[in-house]
Amino acid sequence: VYFLQQPETHAFRLYHDYTESRPGVDKYFNVVRNGSTVSDPSAYVLDTGEKLPTKIMTGAELVAAKLDAEEPVDPHAQVVVVSFSLVKARQSVRMRISETYAAPQSYGTKDDELVFDRSLGRARNAVVLPDGWYLTASSIPATVTQMPDGRIRLDLWNGQPAAIDVLIKAKRRAQPK
């Protein structure tokens, strides 16, 4: 779920759930996309509420610490590392991971219009517009709802194994006089 902040910040808070079931694994690595920066990571175990330690490292720091993110990582890339208890055979750990991203290349305004243009790789994604904005366009079919606090939420389903490219546009609501 992507919670868009006001577009001039280029920032959005997101959370995603992840289940690790491979025996011997005790870390989750989230490699930050080129052009984005991450801040304020947090994570907890969904079943117990246990808060998990998180750390932001660079690709070079991963190499120096002999940590394997299981994918090539640019030495300058940011990586969020979540540590948890070693997974044992026939067990798993379910986590909720939250982070804030600043991504000027994919989120901001153009001609007074909010523009969120990003590929989303999960099967189910949701994007919540910031307070004071209404939806004008979505390149992907979505279920659009208004949340109790008035913000607009788009729920997107991806039935393909590949990421979907999402373009969302919105306009600022007129202020009552």
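**Figure 1. Contacts and overall make-up of the protein chain.** Of the contacts (heavy atoms within 4.5 Å) in the protein chain between residues at least 6 apart in sequence, 70% join residues at least 24 apart. This is a predicted model, in which local features need pLDDT of at least 70, side-chain atom pairs count only at pLDDT 80 or more, and totals for chains, interfaces and linings use all residues. Residues are numbered from 1 along each chain as its sequence is written, and side-chain values use heavy atoms, with hydrogens and water left out. The chain has one helix and 15 strands (DSSP runs of H or I, at least four residues, and of E, at least two, numbered from the N terminus).

**Figure 2. Salt bridge between arginine 22 and glutamate 20.** The N to O distance is 2.8 Å; a salt bridge is a side-chain nitrogen of Lys or Arg within 4 Å of a carboxyl oxygen of Asp or Glu. Glutamate 20 is buried at 2% relative accessibility, whereas arginine 22 is partly exposed at 35% (buried is under 20% relative accessible area, exposed over 50%, partly exposed in between; 1.4 Å probe, protein chains only).

**Figure 3. Salt bridge between aspartate 47 and arginine 94.** The closest N and O atoms are 2.9 Å apart. Aspartate 47 lies in the loop between strand S4 (37-45) and strand S5 (51-52) and arginine 94 in strand S8 (residues 93-102), so the pair ties together parts 47 residues apart in sequence. Aspartate 47 is exposed, at 53%, and arginine 94 partly exposed, at 36%.

**Figure 4. Salt bridge between arginine 153 and aspartate 155.** Their closest N and O atoms are 3.0 Å apart. Arginine 153 is partly exposed, with 24% relative accessibility.
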